Amino acid sequence: MLVFLIHGVATQDAGYGDQFKKKVKEILSKKNAQSPIFYSSFWGHSFKSKTDQLFNWVRSDVKNLSEKCKELRGSEQDIYRYQEHREDFIAKFFGDFLTYLNNDKGASIRKQILHQFQDFVDNHPEDKEIAIASHSLGTLVLWDLLFTKDLPENDPAYEFRRLFNSSDSEYKLRGLVTMGSPLLFMRLKQNIDFSAVDDFVATSYNALTWINIIHASDLIAYPLGNAINHDKAKNFFFSDQYLWMHANGAESGALRFGQAHAGMALGMADAHGSYWNNDVAADLVASLIRGDLTTLATQKVHTGWISYSEDLPKNS
């Protein structure tokens with residue numbers, strides 16, 4: 001099997017998936033299962049110049065305040081607080097999202113990923129089974145590549161889909177992984193109809209497994225199960241998987257003292273950025289690769305120490 005990774009927002013390092021790959025391979029090795037071949041797609045450089053430019057302007061604006069009023073010198077960080085947090089998470093997250101939603105930029109990103117995917121499969125012609133794991137904004141990119149129906153007719157997404165659902169297609173899309181996904185929220189803006197997955201499965205003639213991984217403290221991530229049921233999408237295996245854990249010690253401490261809002265602020269960024277390094281997420285992906293649908297169907301809440309199994313139905 002080939003496993004193709006698609007990263008999310010604020011990613012400037014092509015090695016984002018290295019630890020994830022290592023963890024998955026180690027888990028599969030312990031279970032005497034064959035490891036797949038991984039490829040980490042990368043397109044983060046497409047946004048960097050824009051966010052750098054924005055914050056150069058912001059820093060200059062704040063600096064100008066103290067240059068024009070000596071009494072304000074040394075107070076710049078307090079007059080405009082949390083500058084690093086604004087740049088490192090909030091602005092980069094929403095900035096990347098807004099940039100991708102630009103029609104031309106979005107198409108450019110999808111074209112880059114298409115070419116990287118084509119190179120990946122061309123270099124491994126003996127492997128025809130594919131799984132795709134995505135994170136954050138990457139889950140929306142994945143959705144557009146495979147399922148969005150109202151893209152312009154020359155969009156690279158259609159060429160990507162033909163690799164799986166054309167009459168002469170060689171490749172079988174076996175698994176999808178979405179982590180920290182805002183797809184449910186994006187449904188408010190875009191025409192995201194989960195019955196499109198059924199249509200894709202019908203044209204590709206292959207069974208598909210999709211797991212959606214949600215960290216307890218990730219404000220960007222949403223479960224999708226009931227939305228999928230609402231759209232009457234049923235011809236594939238789907239499971240929401242919950243990581244019931246804290247993002248860091250600061251969040252844990254704040255919640256222990258009843259400071260929910262502080263805990264939220266302290267944990268949300270680390271939670272959203274944690275998936276590629278999370279042991280449970282790696283274990284879930286290993287289960288998908290092994291085809292262990294029983295575990296994925298019955299164990300949906302995980303603490304890192306225990307995975308909770310659904311109660312057995314009572315005898316009538």
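Visitor: How many aromatic pairs does the structure hold?
Guide: The structure holds 18 aromatic pairs. Rings of Phe, Tyr and Trp (its six-membered ring) pair if their centres lie within 6.5 Å; planes under 30 degrees apart count as stacked, over 60 as edge-to-face and the rest as tilted. This is a predicted model: local features need pLDDT of at least 70, side-chain atom pairs count only at pLDDT 80 or more, and totals for chains, interfaces and linings use all residues. Residues are numbered from 1 along each chain as its sequence is written, and side-chain values use heavy atoms, with hydrogens and water left out.

Visitor: What kind of pair do F117 and F160 form?
Guide: A tilted one, 5.0 Å centre to centre, with 50° between the planes. F117 lies in helix α5 and F160 in helix α7, so the pair ties together parts 43 residues apart in sequence. Helices (H or I, at least four residues) and strands (E, at least two) are DSSP runs, numbered from the N terminus.

Visitor: Is F117 buried or exposed?
Guide: F117 is buried, at 0% relative accessible area. Buried means under 20%, exposed over 50%, partly exposed in between (1.4 Å probe, protein chains only).

Visitor: What about W210 and F238?
Guide: They form an edge-to-face pair, 5.2 Å centre to centre, with 85° between the planes. W210 is in strand β5 and F238 in strand β6, so the pair ties together parts 28 residues apart in sequence.

Visitor: New topic. What is the strand order in the open sheet?
Guide: β2-β1-β3-β4-β5-β6-β7-β8, with mixed pairing. Two strands pair if DSSP finds at least two bridges between them.

Visitor: Which strands stand at the edges?
Guide: β2 and β8. Each has a single partner strand, so one side of each is left without a neighbour in the sheet.
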